[in-house]
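Please open the structure in your viewer and keep the selection panel at hand. The tour below goes from stop to stop, saying what to select and what is there.

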Amino acid sequence: MAAVTQHDLIERLESAKYKAQLMQKEILVSHRLQVDNVDPLIVFANSNHLYKGQRSFWSDASGELTLVGIGEARKFDVDGDERFAEIREQWGSLIQTQLEDFTTPYKYGTGPMIMGGFSFDTKKFKTPLWTNYADASFVLPVHLYSFFNDQAFLTTNMFVKPDSDIHALFEKAMKARAQILKKSTIPSGLDQSFTLTEIDPEQWKESVADTTAMINKGKIEKVVLAREVIAQADDDISAIVTLSNLLEQQPNSFVFAFERGHKCFLGASPERLVQKQNSEVLSTCLAGSIKRGDFHTEDERLGEQLLNDQKNLEEHAFVVQMIRDALEEIAGTVHIPDGPTLYKGRDIQHLFTPVIVKQASNIPLMDVVERLHPTPALGGFPQAESVEMIRENEKLDRGWYSSPIGWVDLKDQGEFAVAIRSGLINENHVSLFAGCGIVADSNPESEYEETLIKLKPMLSALGGSFE
Ligand SMILES: C=C(O[C@@H]1C=C(C(=O)O)C=C[C@H]1O)C(=O)O
Ligand SMILES: [Mg+2]
């Protein structure tokens, strides 16, 4: 690390201390430097013993940006319905009132940002499964490793108090940086054997039948119903091995992990909720599914079948309609192509429609997240009625499954995906989740088959064998 950068950091810490004394409050120094490229997974593994239980991982679907958040310089945990606005306000106020003048040139995906997520429904009964994961939980990491278009940056966030020992702060940061960036190897996977337990599959199929009956009667048109499968091993399940497999096996996906103490929620989602970069807002409609074919011709035939299937087109159309309406309401003109194309993942293909809003600088990212969550891809249509229906009838405690997860920075840029194709590791067991859009002519058995396909990415990423 260049001596001049070190000197610069000490100077900034000292001037922050002076400011902290004048204002009698803590001042945040956010210090970014370009560093040698290290595999983000190694960075994640390296920080295990310094900041175990306090790490976040994010890799976007384009493969352009990977973030590793390490430690908690500040944590914002909020329960209840005001969660989106509260996170926006608490983060906004920290930047405005405590951040030392940040003169480093802005670079997307680096610098001060918070990473985290939301629960699906604040009003659903909470089980012990999701303790540690608040309705909204965001972290300003102590260290943020950003890998963006083949360049690596490390941002360190330090709060300076009126009586802080600057040299001690500095030494601690330097030591941690060296530890985080050291060259090492990723631990290889244990060949674990897992026992799989499906939670009440028959009861789930019945609830699909009940839901279609209800849809045929009344005012709800689509409801997403999810279920849980538990995989149990003899030894602790490794988040890093699972992440490494997800990155390798699931290209074009948002690969993520959020640790909260001894639990780790992770997955590989194909579905962006919203990205805000420069003045543009992008969203995605992804709903309607079919398996991949074993051969090219079969795969193409299945894709064509999906593109022409009324039931799947209907599932998809609800998502397009809702996202269009929601964004038009807050942002004006919305660009959406006329019909869906195919999104192909390793294990599944979906109907896909991209959404663009061109002039959206003035709309806070969190407001877009709030307005969109949950889209009919995860909740149903209409929104309020379907969420209530899920709250009352679904046996599962979804926690953060099917909810927005991502990051937002000091310029209100960032990205959120919806946390599907995911699992929650708790020591030697992991809960996996999968859901399906139920519409008027859904068939319980085929929806069940669809959940099995959606469970595949996590099951293959766990490795090992299943019984
Ligand atoms: C709910 C999930 O996926 C959603 C449901 C889909 C469907 O029913 O066709 C497709 C994509 C997602 O919007 C899940 O993977 O758990
Ligand atoms: Mg479906």
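## A tour by selection

Begin by selecting helices α8 and α9, where α8 passes α9 in a right-handed crossing; keep in mind throughout that this is a predicted model. Helix α8 covers residues 310-331 and helix α9 covers residues 365-372, and the two pack at an angle of about 145°, with their axes 10 Å apart. To see how they touch, show the side chains of I323, A326 and I330 on α8 together with D367, V368, R371 and L372 on α9, which make the contact. Sorted by class, the residues of this contact between α8 and α9 are five nonpolar and two charged, with no polar residue among them.

Next, select helix α6, residues 239-249, and helix α11, residues 444-462, which pack at an angle of about 125° with their axes 8 Å apart. The two helices, α6 and α11, are therefore oblique to each other, and their crossing is right-handed. On the α6 side the contact is made by T242, N245, L246 and Q249, and on the α11 side by P457, S460, A461 and L462. The residues of this contact of α6 with α11 divide into four nonpolar and four polar, with no charged residue.

Stay with α6 and show what lies around this helix. Eight of the 11 residues of α6 are buried, so the helix is largely enclosed by the rest of the structure. The buried residues of α6 are A239, I240, V241, T242, L243, S244, L246 and L247.

Now move to ligand 1. Which residues are the closest to ligand 1? They are S289, A377, I420, G435 and G437, out of 19 residues that surround the ligand. If you select β10 (222-232), β14 (280-291) and β21 (429-438), you will have strands that each supply at least two residues of the shell around ligand 1. By class, that shell around ligand 1 holds nine nonpolar, six polar and four charged residues.

For the last stop, select G92, which is in helix α3, residues 83-98. Is G92 buried or partly exposed? With 15 C-beta neighbours inside 10 Å, G92 counts as partly exposed.

Note on methods
Residues are numbered from 1 along each chain as its sequence is written. Chains are lettered from A and ligands numbered from 1 in the order in which they are written. This is a predicted model: local features need pLDDT of at least 70, side-chain atom pairs count only at pLDDT 80 or more; totals for chains, interfaces and linings use all residues. Axes are lines fitted to C-alpha atoms, for helices over the stretch in contact, and angles run from 0 to 180 degrees between N-to-C directions. Helices (H or I, at least four residues) and strands (E, at least two) are DSSP runs, numbered from the N terminus. Angles under 35 degrees count as roughly parallel, over 145 as roughly antiparallel, 65 to 115 as roughly perpendicular and the rest as oblique. A crossing is left-handed if the near helix is turned anticlockwise from the far one by less than a right angle, and right-handed if clockwise. Two residues are in contact if their C-beta atoms, placed from the backbone, lie within 7 Å. Ala, Val, Leu, Ile, Met, Phe, Trp, Tyr, Cys and Pro count as nonpolar, Asp, Glu, Lys and Arg as charged, and the others, Gly among them, as polar. A residue is buried if 20 or more other C-beta atoms lie within 10 Å of its own, exposed if 12 or fewer, and partly exposed in between; C-beta atoms are placed from the backbone. A residue is near a molecule or strand if its C-beta atom, placed from the backbone, lies within 6 Å of it.
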